[in-house]
Every structure is written in structure tokens, then in C-alpha cells.
Amino acid sequence: MTKSNMYADAKTWSPSKGCEFDCTYCVPSFQRQAKRQKHICMKCYRYTPHTHPERLLKVPNAKIVFACGNGDIAFAEPEYLFKIVEAIRVNSSHSHKEKTFYLQSKKPSCMQPILKLLPENVILITTLETNRDEGYNKVTKAPVPSERYNQFLELDYPRKVVTIEPAMDFDVDIFGEWITNIKPEYVWLGYNSKDSVQLPEPSPEKMKALAALLEENNIPVHCKTLRGIEL
Ligand code: SF4
């Protein structure tokens, strides 16, 4: 297990922004940050899905680029998603693929049409907080965990990462099997870090058991907020 900062050496690039999945834990994080944009773009301020095509060619210089990290690309029109991919391809050829691009969605099926166009320096990410569907609609309007898992699993693409954060109570055996089946390069694991958000959470013992199971299956676990638990 490694302690890592997801955002070290990373910059967010936002040719599209906003999201309507309304995750409860997004309000005090991404959506609060978006409020700083009030004097620049009211759609950014409101977190309404929209595009900024003037940014397509302004890819930041950073080792890691979170493409459309302030929102979910599931809300981008398919034609615009192709433009984002083309911008990634052009930038990757100029930078000799020294950058790694992360593309993330809680509705992974939206990435199906672009799979064959992605250069090898693109990693696909989805969040899976739990394997449990029951009650999940109280937390977000995004596809329920089982649906999201199947969508991500079905993406025929060699480079994937799963974010288990903020972790919600899960069944170690089922959840561990899901993650193992996906074969991610690594996972992020952490609890909710916002005091204002209440979620049904796994016990420290479950977090440890899941981390151990993943490591046994050669899936590195990168730790985030763990409240002192030693995995
Ligand atoms: S899917 Fe991501 S961007 Fe959308 S509401 Fe949830 S946390 Fe925020």
C-alpha cells in the first residue's frame, strides 16, 4: 500500500464542466470549488453541464492531466467527446506521451464509442464506493454500483483505475471480486473526508480486509483519507 496524493503532479483540464448526478458528497467539494467561478462563467458556478471549446487546445503542462475532472463526461455530447479525444491525441503526440490523461465517469458506458481512439497514455477511471445498490439512490443519481461495475467491466480497454472513495459499507467478498475482475492498474481507497456528509461506512476491519484481498490479487492500493487505520 502506498500513501499518495491523487493530485500531486496533476492539473485539471476542463474543456467540459458540470454534472447532474448530484452526489451528496460533491456539494462540499467540487461544487463548492465551482462557486469561485461566479464572475467567469455562471454555468461553471451552477455546475450545469456545458462546454468550453476555447480550452480544447489549452492542455496544461503537468505529468498527470485530469481531463474534464470538474464534472462528468457522461454529460458531454458524443460529438464533443470526440473533440476532447482528438485534443488529447494531438497533445500526446506533441508531448511524446509523457503526460498521462485520466478520463473519469460514473457512467462508464459513455466512453465506449471512444475506446479505439484513445492513445496509450489515457487511463479510464470510475468510482465505485460500494457493491450495494440498496439505498444508493439517496446518495447520487448516478448509475447504481452493479450497473456501473458492469459498464466499466465491459469496456474493452487495458488501462483502468477504480476509486473507492468515499467508501460506503460493502461486502468484502463481492466487492473484492468485482474489483479483481476489472483488473485495474491500482485503486484509490479512502473514507469520506467531509464532516458535513454522512454516509453508511465500512468498518476499519472491512477496509483492511478489502485492501488485503486486492493486494493478494496484485492490485496496488493507494490510500487516501483513512483516519489513522494502518492497512
Ligand atoms: S459524479 Fe462527480 S462531478 Fe458529478 S456530482 Fe458526483 S462527484 Fe460531482
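**View 1. The shell around the ligand by residue class.** The shell around the ligand holds six nonpolar, two polar and three charged residues; here Ala, Val, Leu, Ile, Met, Phe, Trp, Tyr, Cys and Pro count as nonpolar, Asp, Glu, Lys and Arg as charged, and the others, Gly among them, as polar. Of these eleven residues, C19, F21, C23, C26 and K106 come nearest, where a residue is near a molecule if its C-beta atom, placed from the backbone, lies within 6 Å of it. Please keep in mind that this is a predicted model, in which local features need pLDDT of at least 70 and side-chain atom pairs count only at pLDDT 80 or more, while totals for chains, interfaces and linings use all residues. Residues are numbered from 1 along each chain as its sequence is written.

**View 2. V139 and its contacts.** V139 sits in the loop between β7 (122-127) and α4 (145-154); helices (H or I, at least four residues) and strands (E, at least two) are DSSP runs, numbered from the N terminus. Leaving aside neighbours within four places in sequence, V139 is in contact with C23, T24 and L199, contact meaning C-beta atoms, placed from the backbone, within 7 Å. V139 counts as partly exposed because it has 19 C-beta neighbours inside 10 Å; the buried class takes 20 or more other C-beta atoms within 10 Å, the exposed class 12 or fewer, and partly exposed is in between.

**View 3. The largest nonpolar core.** This core has 26 residues, and A67, I84, I88, F101, Y102 and L103 have the most contacts inside it. A nonpolar core is a set of buried Ala, Val, Leu, Ile, Met, Phe, Trp, Tyr and Cys residues joined through C-beta atoms within 7 Å. Two or more residues come from each of β5 (64-67), α3 (78-94), β6 (100-104) and β7, with α3 giving the most, five residues. Do look for L103, which touches A67, I73, M111, V122 and L124, not counting residues up to four places away in sequence. Apart from this core lies another, of 18 residues, among them A167, F170, V187 and L214.

**View 4. The buried side of α4.** P145, R148, Y149 and F152 are the buried residues of α4. Seen down the helix axis, they fall within an arc of 100°, so they line one face of α4; the arc is that of the directions from the helix axis to the C-beta atoms. These buried residues pack against β7, β8 (160-164) and α5.

View 5. The 13 residues of α6 (204-216) reach 18 Å from first C-alpha to last, close to the 18 Å expected at 1.5 Å a residue, the expected span being 1.5 Å times one less than the number of residues. M207, L210, A211 and L214 are the buried residues of α6. They cover an arc of only 95° around the axis, which puts them on the same side of the helix. They pack against α5 (172-182), β9 (186-189) and β10 (221-223), while the face turned away carries the exposed E205 and E216.

View 6. Most residues other than glycine have a negative phi, and most peptide bonds are trans. C68, in the loop between β5 and α3, has a positive phi of about 55° and is buried, with 26 other C-beta atoms within 10 Å. N218, in the loop between α6 and β10, has a positive phi near 60° and counts as exposed, with 8 C-beta neighbours inside 10 Å. The peptide bond from E165 to P166 is cis, with omega near 0°, and P166 is found in the loop between β8 and α5.

Key: Two residues are in contact if their C-beta atoms, placed from the backbone, lie within 7 Å.
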